[in-house]
Amino acid sequence: MKDTTPEDFESQPSSTRHPLVDHVLTSASLKSLAHPLRVRIYDELSAYGPMTASGLAERLGESSGATSYHLRQLERAGLVREDETRGKGRERWWERRPGSIAIPDARNLPPGSAERLAVKLVEDEWNRSREQNFREYTAEGEQVFGPEWLDIATSDTINLRLTPEQLHALVTDIDVVLKNYIDRYKRTPSPGSRPVQIQINAFPLVRGEPTGEPPSKEDR
């Protein structure tokens with residue numbers, strides 16, 4: 001497999017969800033990522049920054065040999081790179097390459113294909129990771145963080161009835177706010193900042209029913 005440079009990565013097609021922001025993984029990169037441990041490694045580097053193979057092994061309950069092997073596979077796919085500003089001697093630090101990624105839309109892939117199965121695996125692992133992170137916060141947050149964090153962290157559930165166009169407008173507005181914070185703080189974190197994960201789910205409920213048309217004057 002050809003090594004992927006940052007320029008190659010950023011020239012990959014943009015997602016329709018986030019044009020010019022997310023870059024859709026190629027089939028080769030997707031297949032390289034589609035391993036549970038590799039997704040976990042990629043998530044750890046995304047959320048917490050550069051780490052060594054041994055540091056990742058300790059966090060993930062794996063051997064350093066396993067994390068080293070999978071880091072090399074992710075490097076070949078252009079998803080991670082060595083952080084040459086860190087480390088001494090033979091110690092190697094790894095970081096994810098800059099840039100936001102998206103996976104292909106499974107609806108556009110043949111049923112049962114390797115690419116579609118890879119999308120499913122990556123999606124499942126991402127969802128598992130999000131759920132685990134939130135469970136860890138609710139279970140351990142009070143022992144880890146002070147009131148300056150606990151008083152502002154939030155988990156809200158808001159139920160609305162929206163049309164597809166209204167949901168699209170809501171998601172677009174949220175994206176504008178998030179993009180503003182990404183541009184300001186993603187590469188230049190402030191002193192005292194901690195890793196923060198923002199989870200926003202906005203979707204139609206499968207067991208819901210469409211809202212009917214209001215009754216006409218003749219029916220009232």
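Student: Which residues of H3 meet which residues of H5?
Tutor: On the H3 side you'll find Leu 37, Arg 38, Ile 41 and Leu 45, and they meet Ala 66, Thr 67, Tyr 69, His 70, Leu 71, Gln 73 and Leu 74 in H5. Contact means heavy atoms within 4.5 Å. This is a predicted model, where local features need pLDDT of at least 70, side-chain atom pairs count only at pLDDT 80 or more, and totals for chains, interfaces and linings use all residues. Residues are numbered from 1 along each chain as its sequence is written, and side-chain values use heavy atoms, with hydrogens and water left out.

Student: What makes Arg 38 the charged one in that group?
Tutor: Asp, Glu, Lys and Arg count as charged, while Ala, Val, Leu, Ile, Met, Phe, Trp, Tyr, Cys and Pro are nonpolar and the others, Gly among them, polar. The H3 and H5 contact has seven nonpolar, three polar and one charged.

Student: How many residues of each class are in the contact of H4 with H5?
Tutor: The axes of H4 and H5 come within 8 Å. The contact takes in Ala 53, Ser 54, Leu 56 and Ala 57 of H4, plus Ser 64, Thr 67, Ser 68 and Leu 71 of H5. By class, there are four nonpolar, four polar and no charged residues.

Conventions
Helix = DSSP H or I, 4+ residues; strand = E, 2+ residues; numbered from the N terminus. Axes fitted to C-alpha atoms, helices over the stretch in contact; angles between N-to-C directions.
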